[in-house]
Amino acid sequence: MGSAPYPAGEWKGKARGSLQELACMRWKISKQKGVGGELVVGAEERRCRDPTDCQQQQDLSSSSSRPKPLPPQSSLTPPAIYHEKQRRELCALHALNNVFQDGAAFSRDTLQEIFQRLSPGTLVTPHKKSMLGNGNYDVNVIMAALQTRGFEAVWWDKRRDVTSIELSNVTGFILNVPSNLRWGPLRLPLKRQHWIGVREVGGVYYNLDSKLRGPQPIGSSDELRKFLRQQLRGKNCELLLVVSEQVEAQQAWRSDG
């Protein structure tokens with residue numbers, strides 16, 4: 001089976017004397033929309049009794065309440081992450097597109113064409129029937145689809161530790177894990193294999209499972225290795241490394257030589 005506001009603070013006016021010396025009433029806090037959130041400024045509750053002192057207070061208020069320059073907008077904007085949601089039994093399609101971060105990388109028609117031209121003699125494992133084009137494609141379709149774009153799928157040997165993966169040379173990861181079946185909102189007491197994509201975006205690794213509501217941050221490379229170890233300890237879980245043809249030819253996805 002198969003995409004912040006700034007905290008408000010309290011403003012305190014600064015003048016040469018106390019509020020009594022300025023002959024002003026107390027100030028109240030009001031909110032004003034600003035760039036990137038809300039800016040807090042002071043608003044006079046009543047008119048000052050002394051017009052001269054009132055003008056001094058207003059001048060000080062204007063200078064002290066001026067917002068500080070904000071950081072560049074690029075540093076405030078998180079990276080855009082493509083996340084394809086689950087449709088039918090097209091998790092293999094979603095995993096591929098999520099790894100490539102491109103909704104047009106592969107289509108259902110592309111995978112269905114690959115499925116139809118694969119013969120039983122070329123299959124590594126028994127192929128699940130997808131004659132109606134509804135999905136449920138196996139690893140052979142994924143491997144063939146990657147080859148059309150100059151990539152290879154390396155089937156990871158679970159007997160080895162993931163520390164021997166050279167992460168910098170891996171484009172992404174595709175996991176095959178057991179997943180609960182659903183009938184509408186109901187979760188059935190049955191499990192079926194499910195493909196999920198994982199990759200790095202903006203220095204952070206994300207779980208891009210199409211069944212999630214959105215991308216789920218995993219974290220750094222160390223946290224990714226912990227995540228992969230946890231997944232591989234589960235029953236019936238397999239891991240594919242998505243690498244370029246050159247990386248596969250040179251075995252550069254291995255850090256242990």
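Visitor: Which strand has the lowest confidence, and which the highest?

Guide: This is a predicted model. In the chain, confidence is lowest in strand E2, residues 37-44, where the mean is 34. Confidence is highest in strand E6, residues 204-207, at 98.

Visitor: And what is the mean pLDDT of the chain?

Guide: The mean pLDDT of the chain is 74. Of its residues, 58% reach 70 or more.

Visitor: Where does pLDDT stay under 50?

Guide: One such stretch is residues 2-49, for which the model has 82 contacts beyond four places in sequence. Another is residues 125-135, with 26 contacts beyond four places in sequence.

Visitor: Let us turn to the overall make-up. How many helices and strands does the chain have?

Guide: The secondary structure comes to eight helices and eight strands. The chain has 257 residues, of which 37% count as buried. The chain exposes about 15600 Å², and carbon and sulfur atoms supply 51% of that area.

Visitor: Now the charges. How many salt bridges does a search of the whole structure find?

Guide: The search finds five salt bridges. One of them pairs arginine 160 with aspartate 256, at 2.7 Å from N to O. This pair links distant parts of the chain, 96 residues apart. Arginine 160 is in the loop between strand E3 (151-155) and strand E4 (172-183), whereas aspartate 256 is in the segment after helix H8 (245-249).

Visitor: What else does aspartate 256 meet in a salt bridge?

Guide: The side chain of arginine 254 also forms a salt bridge with aspartate 256, at 3.2 Å from N to O. Shared partners join Arg160, Arg254 and Asp256 into one network.

Visitor: Are those three residues buried, partly exposed or exposed?

Guide: Arginine 160 counts as partly exposed because its relative accessible area, 26%, falls between the limits of 20% and 50%. Arginine 254 is partly exposed at 29%, and aspartate 256 is partly exposed at 45%.

Visitor: What about aspartate 157; with which residue does it form a salt bridge?

Guide: Aspartate 157 forms a salt bridge with arginine 159, and the closest N and O atoms are 2.8 Å apart. Aspartate 157 is partly exposed at 28% relative accessibility, while arginine 159 is exposed, with a relative accessible area of 77%.

Visitor: Then what lies 2.7 Å from a polar atom of its side chain?

Guide: That is the backbone oxygen of valine 99. Beyond four places in sequence, the contacts of arginine 199 include Asn98, Phe100, Thr171 and Tyr205.

Visitor: Which side chain does it join in a polar contact?

Guide: The side chain of glutamine 86 makes a polar contact of 2.6 Å with that of serine 210. Glutamine 86 also lies 8.4 Å from leucine 212, C-alpha to C-alpha, although the two are 126 residues apart in sequence.

Methods: Residues numbered from 1 in each chain as written. Predicted model: local features only at pLDDT ≥ 70, side-chain atom pairs only at ≥ 80, totals over all residues. Heavy atoms only, no water. Polar contact = N/O pair within 3.5 Å; in protein donor to acceptor, adjacent residues only side chain to side chain. Helix = DSSP H or I, 4+ residues; strand = E, 2+ residues; numbered from the N terminus. Buried < 20%, exposed > 50% of the residue type's maximum accessible area, 1.4 Å probe, protein only. Areas by Shrake-Rupley, 256 points an atom, 1.4 Å probe, with all protein chains shown as cover. pLDDT = per-residue confidence, 0-100. Contact = heavy atoms within 4.5 Å. Salt bridge = Lys/Arg side-chain N within 4 Å of Asp/Glu carboxyl O.
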